[in-house]
Amino acid sequence: MTVQYLTPEGMLQPTPYHHVAVGTGTKHVHVSGQIARKADGTPVAPGDLAGQVAQALRNTAVGLTGAGASFADVLRLTFYVTRWSPEKIGDFMDGVQAVADEIGLRLPFPPASLIGVDYLFEPDVLVEVEATAILD
């Protein structure tokens with residue numbers, strides 16, 4: 001197994017992610033920040049956080065697949081969300097859950113950070129996703 005996920009006793013539980021990932025392998029895959037755009041640049045789900053989370057994760061899956069990886073190989077996810085506030089967690093998780101089976105993202109997902117930011121890329125971009133994976 002390339003990646004082992006852990007949530008040791010004594011760490012905050014429950015969470016929608018594991019606290020620890022142990023990766024063994026020699027090939028590292030880094031997927032840059034993915035946003036809710038189609039390959040031709042067309043915006044997806046303007047103004048809809050759940051829809052943008054889902055599309056950004058789909059785009060992340062495309063990047064992983066292109067490198068011969070999948071979400072099963074991901075050590076860490078980082079989400080950047082504009083104008084974040086705790087009441088947005090429902091919409092955020094709706095976006096994750098809407099696409100998880102489709103892209104092979106198991107829940108709880110790998111260690112992750114959700115970082116609130118003022119602005120991303122362009123005014124209509126609500127979320128950006130980065131992934132780090134490891135392969136044998």
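Predicted model: local features only at pLDDT ≥ 70, side-chain atom pairs only at ≥ 80, totals over all residues.
User: Why does the radius of gyration of the protein chain agree with a compact globule?

Analyst: With 136 residues, the rule puts a compact globule near 14 Å, and the protein chain has 15 Å, so the two agree. If you'd like dimensions too, the C-alpha trace spans about 40 × 35 × 25 Å along its principal axes.

User: What makes up the secondary structure of the protein chain?

Analyst: Two helices and six strands. Going along the sequence, the pattern reads β-β-β-α-β-α-β-β.

User: How many contacts join residues at least 24 apart in the protein chain?

Analyst: Take the contacts between residues at least 6 apart in sequence: 74% of them join residues at least 24 apart.

User: Why is Leu-126 called buried?

Analyst: Buried means under 20% relative accessible area. Leu-126 has 13%, so Leu-126 counts as buried. In the protein chain, 43% of the 136 residues count as buried.

User: Where is Leu-126, and what does Leu-126 touch?

Analyst: Leu-126 sits in the loop between β5 (112-117) and β6. Leaving out residues up to four places away in sequence, Leu-126 touches Gly-47, Asp-48, Leu-49, Gln-52, Tyr-80, Val-81, Thr-82, Arg-83 and Leu-120. For touching, the cut-off is heavy atoms within 4.5 Å. Also, Leu-126 and Ala-45 are 81 residues apart along the chain, yet their C-alpha atoms are separated by 9.7 Å.

User: Which residues touch the most other members of the largest nonpolar core?

Analyst: Leu-57, Phe-71, Leu-77 and Leu-105, in a core of 30 residues. At least two residues of this core come from each of β3 (27-34), α1 (49-66), β4 (74-82), α2 (89-103) and β6 (127-135). The biggest giver is α1, with seven residues. As a general point, nonpolar side chains tend to be buried together in soluble globular proteins.

User: What does Phe-71 touch?

Analyst: Beyond residues up to four places away in sequence, the partners of Phe-71 include Tyr-5, Leu-57, Leu-77, Ile-103 and Leu-105.

Conventions
Residues numbered from 1 in each chain as written. Heavy atoms only, no water. Helix = DSSP H or I, 4+ residues; strand = E, 2+ residues; numbered from the N terminus. Rg over C-alpha atoms; globule rule 2.2 N^0.38 Å. Buried < 20%, exposed > 50% of the residue type's maximum accessible area, 1.4 Å probe, protein only. Core = buried A, V, L, I, M, F, W, Y, C linked by side-chain atoms within 4.5 Å.
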